[in-house]
Amino acid sequence: MNFNHYETIYILKPNITETENLTLVNQYKSLIKKYGGKNILIQHKGRRHLNYNIQSYYDGIYVQINYTASSNLVKILEKTMRLSGEIIRYITIKNCSTGHIKV
């Protein structure tokens with residue numbers, strides 16, 4: 001199985017509590033481990049003002065997850081995020097070994 005380096009950034013609704021945020025982070029970390037993901041690094045970027053409103057929100061809580069996994073895991077992770085009511089936006093970027101980023 002071919003593993004690649006990925007970076008997923010998601011934006012939470014601004015009214016999410018710290019406990020709910022940590023619960024989601026642990027849920028996604030467990031999901032990544034369950035499907036064979038490795039080298040998981042999670043960075044809380046904090047609350048930031050959005051350049052334009054998304055679903056009537058002007059602020060959001062940013063979380064970044066870097067990991068090594070198969071493309072199948074990315075599909076599963078993104079589907080879980082799409083179904084979550086707390087996430088207003090997400091994106092996954094594939095990091096190539098040459099240092100260039102593919103979207």
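How exposed is D59, and what is its relative accessible area? In this predicted model, D59 is partly exposed, with a relative accessible area of 25%. Its side chain meets that of R47 in a salt bridge, at 3.8 Å from N to O. R47 lies in strand β2 (residues 38-54) and D59 in strand β3, so the pair ties together parts that are 12 residues apart in sequence.

R47 is exposed, its relative accessible area being 51%; the cut-off for that label is over 50%. The count of salt bridges comes to one.

**Helix α2**

Helix α2 covers residues 71-83. With 13 residues at 1.5 Å a residue, the helix should span 18 Å, and the 19 Å between its end C-alpha atoms agrees with this.

The buried residues of α2 include L73, V74, L77 and M81. These residues cover an arc of only 100° around the axis, which puts them on the same side of α2. An α-helix has 3.6 residues a turn, so residues three or four places apart point the same way. The buried residues of α2 pack against β1 (4-12), α1 (18-34), β3 (57-69) and β4 (87-95). On the face turned away from the buried side, α2 carries the exposed residues K75, R82 and L83.

**N21 in helix α1**

N21 is located in helix α1. The residue counts as buried because its relative accessibility is 4%, and the cut-off for buried is under 20%. Leaving aside residues up to four places away in sequence, N21 touches L12, I16, H44, I61 and V63.

Key: Residues are numbered from 1 along each chain as its sequence is written. This is a predicted model: local features need pLDDT of at least 70, side-chain atom pairs count only at pLDDT 80 or more; totals for chains, interfaces and linings use all residues. Side-chain values use heavy atoms; hydrogens and water are left out. Helices (H or I, at least four residues) and strands (E, at least two) are DSSP runs, numbered from the N terminus. The expected span of a helix is 1.5 Å times one less than its number of residues. Buried means under 20% relative accessible area, exposed over 50%, partly exposed in between (1.4 Å probe, protein chains only). The arc is that of the directions from the helix axis to the C-beta atoms. Contact means heavy atoms within 4.5 Å. A salt bridge is a side-chain nitrogen of Lys or Arg within 4 Å of a carboxyl oxygen of Asp or Glu.
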